[in-house]
Amino acid sequence: MSVAKQLAYRLNLLLGRFQSLIILLLLYFLWTEVSRSTGQFAGLTSTELVSYILLVHLLRPVVFGSLSAGVADEINQGIFSTYLIKPMSHFWFCYWRELGERTVLFGAATIEVLIIAFLIKPTMPLTVAGWGLVLFFISLLIAHFLYVLLSYCIHLLAFWSREATGLRFLYYWLVEFSSGAYFPLHIVAPAALLLLKILPFNLMLYTPVMLFLGKVPADTLLSIILSQFGWLAVAVILTAVIWKRGLRRYSGEGI
Amino acid sequence: MPIITVNNLSKTYEYYRKQPGFLNSLKSLWHREKLFTEAVKKISFAINEGELVGFLGPNGAGKTTTLKMLSGIIYPTSGEATVLGYTPWQRQRECQKQFALVMGQKNQLWWDLPAMESFILNKEIYEVPDEQFKASLDELLALLEIQDIVDIPVRKLSLGQRMKCELVAALLHSPKVLFLDEPTIGLDVVSQKNIREFLKRYNRDKKTTIILTSHYMEDVEALCERIIIINHGTLVYDGGLEKLLDQYIDKKMLEITFTEDVPKQTLENFGAIKEYTPQRVLLEVPKEKTKEVASKILNDLPVDDVLINEVPIDEVIRKIFTATK
């Protein structure tokens, strides 16, 4: 149904995709320019850099989502009540609802990446195979759920404050910046990198993409995957606690 | 055996006072004045299977809060309640599959899509078997006469059409209990009547237990044999509508038309004048004196016609609301 909803507003969808295509092209020209003289930058060859941004573009709709058209707004407006009385899990309802949107966006992103690949013919190295590919998919799956759960938690804060828009904006900005959506994280200063690695957001895009590019040292593979699992567990517990306590506070305003 | 029981149910809302202005917004960051409102105070009642109960009270009386607790949207502060044997705020699937809540002021259908899509989604959520879904859908669409609008995006429908679709969406899983929160609000007279007739018929045929809140007394008069009145969070009346009218109506209205002009002063001796024109008067007289006054007027004045009416039910309810302030 959310696929149908997306398609009901085709112009909106097209404009949204146009915007992300512009960002993709911008990043593409930026990174090819930066790596033009030496043929590499920050340990990545120019082809790897191109692969990085194309992969990020492709995986963005897999990991990032709009979280269900604003769960927080639904809580504030009381629409949430109408879901609460139904025999279903609210989390999974939001999840499936968003998955429809993601599918449409992923389809669009795939077409865009194919078009770009056709136009600029980058030599895309498929550096990862076998177990590496399995690890990449596991990592991607965890990244996907980590994003969904944390984003859900942020939206559930609406149980406590109606005015959490600023906080959500800050959160999404932080995620965009520190997940590696705009640049490979390791280009920043070591101290900043350490900070970025403490936060869970690097596990959302940077980690899976680097795994795919085969740029993760073999001896750190296990710890990376384990830390992804660790953060996922934290997110699951956090969601459960916030949900339970939040519902006690919920007053079903708006109806 | 009651299908809904409510025992000493109370709900206190907690909120903060915030003065307007930027400076006060900053102040409220570290100091906020906490306030409490007792929306529902220790109410108790029981409802049997198949009953259609009117839940009345002025705005802010606690009707919707009670419905929210009974449908599991909010937790009570204290007290107990059961719906079909379950505690509603535990939100067990088995319980949720057997009731529905329709809110006149809140759209539950997907706004951008045709109502049919929402019906199908509800079929999946409530796990309604294909055949039952088809049969219920056909029946409901026919009863409400909306077969030809279910393929139009909901946002394009009129309020009346949307309300009918809301009812279909809520009834597809054949709930045993139906909570209706102002289902006819904002509707025109014809749509109100249609919805009312539908509910009456549905309750009679399916034996669905219905709790209805409404500000339209026509709804209550047409549908409910029993009413529960709540004011300032406290239950003030629970019983038959007829009994309520007997208990609270101590007056009748006499509507008299004359063949020639009658001065106002002459009429003042017979009762309280509610409306007056030289050839027509509306008099309010004590119930027990109605006959006596009517015959006196017939004898003494040039009467063309006399009508004896009940005091409008709105007025009775208003009287109870103000009496229990």
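Guide: What follows is about the place where chain A and chain B touch. This is a predicted model, in which local features need pLDDT of at least 70, side-chain atom pairs count only at pLDDT 80 or more, and totals for chains, interfaces and linings use all residues. Residues are numbered from 1 along each chain as its sequence is written, chains are lettered from A and ligands numbered from 1 in the order in which they are written, and side-chain values use heavy atoms, with hydrogens and water left out.

Chain A brings 28 residues to the contact and chain B brings 29 residues (contact means heavy atoms within 4.5 Å). Together the two chains bury about 2,700 Å², with 65% of it on carbon and sulfur atoms; buried area is the accessible area (1.4 Å probe) that two parts lose on being put together, summed over both.

Between chain A and chain B, four residue pairs are in polar contact, both residues at pLDDT 80 or more. A polar contact is a pair of N or O atoms within 3.5 Å; within protein, one must be able to donate a hydrogen and the other to accept it, and residues adjacent in sequence count only if both atoms are side-chain atoms.

On the chain A side, helices H1 (2-8), H5 (79-84), H6 (90-120) and H11 (221-249) each supply at least two of the residues that touch chain B. Helices here are DSSP runs (H or I, at least four residues), numbered from the N terminus. H5(A) gives the most to this side, with four residues.
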